[in-house]
Amino acid sequence: MTDPLVIFDLLLALSIVALAVASLSVRDLFAMIVLFIVFGLLSALAWVRLSAPDVALAEAAIGTGVTGALLLKTLHHLRFVAGGQGLRAGSGGTSMAPAAPVPVPVPVGVILANAAFCGLITLGLAVAFLGAPSAGPGFDALVADAMPDSGVAHPVTGVLLNFRAYDTLMEVVVLLAAVVAVWQIERGLSDAPAPVMGEVWQGFARLALPAIVVIGTYLLWVGAEAPGGAFQGGAVLAAVGLLLLLTRAYVPRPAHRGIARGAFVLGTAAFALVALLVASGGRVAFEYPLEHAKTLILLIEGMVTLSIAVTLAALFHGREPVALPKGGRDDT
Amino acid sequence: MTPDLIYGLTGIAVFGIGLVGALCVQERLRRVLALKLCSVGAGFVLVVGAWREPPEMPDPVPHALVITGIVVMVSATAVALALIRRLQTLEATDER
Amino acid sequence: MLDLIAAFFIASGTVFFVAGTVGLLRFPDIFCRLHALTKADGLGLALIALGVGLLAGTPGEIFRIALVWSALAVASATCSHLVARYALRSGMEGRDD
């Protein structure tokens, strides 16, 4: 009650809910994406208030940054496709939704029923949340007891890469599966021409690139004792890929597919290999020997970071680079 | 009034908004976004569950779970968006 | 004393942010809005960073705040340029609403 930050919390919570509503109800799809990005950043701020800086970093970098870039890329593609058929959509920027086949309007009754149903679910969740015992037992004590054996000083990194390493391995596999799926889905799809961004943007990219590399590596390294780690660092490094792709300083060519595939698999392979090596020494799969734990964790994190960065950039680029007749040659 | 109560209810509200959006919205891009809102709402509830009164450290296990969830969600979003791009292109070439 | 100076900087930075936001909401077209936003927010951010930097404990923290400020300044200038450029190219001149 006495804490003045409660007012801040209330305002932040209200604006988060308002932005969620606004991003779903605003007409223009571009505005929707912008509102969503603001929503994600404010959620990250809320998670900082809940003393979860790791999660906030991941949400800001991956959940908002990379997702926002993916959404904008898709919107660009949709507008390109819609503009390509017959009438070019107005003056480019002001064209609203891409000309999808006009959907059959859903009866108001169905919408109302759905909304009522969702409201009931939400109400049930809220009641369950309010009735739940505050501060249940949790895993705090277990993790705190086991931390000296983990090889790192930061609990979240310890949980991610040591105690629950299977989860993280599967997570890297999911990313790998996603990029395989995207390459398959987009096979033979022609790409919307990349927007021309101008000289200021080129200069910005040149200025920002080295800084981003340093920050990404720092985030990876600092993950051992402070908030940060493979996923946050990987997402920041993926921004390098995005900048390179958007400035056309790097144009993916078919010949680079082998390297790209290698980079996609690198994280999973290194992770699995370490697990197998540890297991072959008569231990359980992720029970690192204590004297090597930090080295092994950093090795895995490094490989996984590289893999995540390349995979996220590839997810942004989408289409597998195949030899198209109009293959855009590199001109820098 | 503590942060966990405020943000827990926020998370549930965001989840509900996302659920309504995922069921009632027609545009594909918006529907993907609604599902993403659901995932953020779920993340809120997990992070709140990990929260402890400030002098105490929060529980790291739910934090790790939410980070995993965020990465899985971005993979799912990327695949969904690729499907949308493909679908839209197919429809556009059909009409021509 | 240091706290007071820092509070003064942060408060005046907030005033600039509010002014920029009012400009964003009240000005008629995209170029005026950008004009209000970039200048007011740039100054507001610098003042807030200065205030927070005064409160920071270690040189490392001050360095990081300076880094955040410079990254934000460069990025916001570039973003505003891109928005203005896009608006100009796509013929969004004059009153757009």
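How are α2(C) and α3(C) oriented to each other?

**Before selecting anything**

This is a predicted model, in which local features need pLDDT of at least 70, side-chain atom pairs count only at pLDDT 80 or more, and totals for chains, interfaces and linings use all residues. Residues are numbered from 1 along each chain as its sequence is written, while chains are lettered from A and ligands numbered from 1 in the order in which they are written.

**Chain A as a whole**

Select chain A and colour it by secondary structure. Chain A has 11 helices and zero strands, where helices (H or I, at least four residues) and strands (E, at least two) are DSSP runs numbered from the N terminus. Its elements run α-α-α-α-α-α-α-α-α-α-α from the N terminus on. Of the 332 residues in chain A, 40% are buried; a residue is buried if 20 or more other C-beta atoms, placed from the backbone, lie within 10 Å of its own, exposed if 12 or fewer, and partly exposed in between. Among contacts in chain A with a separation of 6 or more, 71% join residues 24 or more positions apart. Two residues are in contact if their C-beta atoms, placed from the backbone, lie within 7 Å.

**The two domains of chain A**

Where they touch, 14 residues of domain 1 of chain A are in contact with 15 residues of domain 2 of chain A. The domain 1 side of this contact has nine nonpolar, three polar and two charged residues. Here Ala, Val, Leu, Ile, Met, Phe, Trp, Tyr, Cys and Pro count as nonpolar, Asp, Glu, Lys and Arg as charged, and the others, Gly among them, as polar.

Select α6(A). Nine of the nine residues of α6(A) are buried, so this helix is largely enclosed by the rest of the structure. Pro155(A), Gly158(A) and Phe163(A) are among the buried residues in α6(A).

Move on to α11(A), residues 293-317. This helix has 25 residues and reaches 36 Å from its first C-alpha to its last, close to the 36 Å expected at 1.5 Å a residue, the expected span being 1.5 Å times one less than the number of residues. In α11(A), 18 of the 25 residues are buried, so α11(A) is also largely enclosed by the rest of the structure. Just after α11(A), Gly318(A) takes a positive phi of about 80°.

Then centre on Val179(A), found in helix α7 of chain A. Val179(A) is buried, with 27 other C-beta atoms within 10 Å. Setting aside neighbours within four places in sequence, Val179(A) is in contact with Phe264(A), Thr311(A), Ala314(A) and Leu315(A).

**Chain A against chain B**

Of the two pairs of chains in contact, chains A and B share the most contacts. Show this interface: the contact takes 76 residues from chain A and 65 residues from chain B. On the chain A side, α3(A) gives the most, with 16 residues. By class, that side has 52 nonpolar, 15 polar and nine charged residues.

From chain B, select Val66(B) in helix α3 (residues 60-95). With 29 C-beta neighbours inside 10 Å, Val66(B) counts as buried. Beyond neighbours within four places in sequence, Val66(B) is in contact with Val55(A), Gly43(B), Leu46(B) and Val47(B).

**Chain C**

Now show chain C. Its contact with chain A takes 10 residues from chain C and 10 residues from chain A. The chain C side has five nonpolar, four polar and one charged residues. No contact joins chain B and chain C, whose closest C-alpha atoms lie 20 Å apart.

Finish with α2(C), residues 30-55, and α3(C), residues 59-89, which pack at an angle of about 180° with their axes 10 Å apart. Axes are lines fitted to C-alpha atoms, for helices over the stretch in contact, and angles run from 0 to 180 degrees between N-to-C directions. The two helices α2(C) and α3(C) are therefore roughly antiparallel to each other; angles under 35 degrees count as roughly parallel, over 145 as roughly antiparallel, 65 to 115 as roughly perpendicular and the rest as oblique. The residues that meet include Leu34(C) and Leu45(C) in α2(C), and Trp69(C) and Leu72(C) in α3(C). By class, this contact has 16 nonpolar, five polar and one charged residues.
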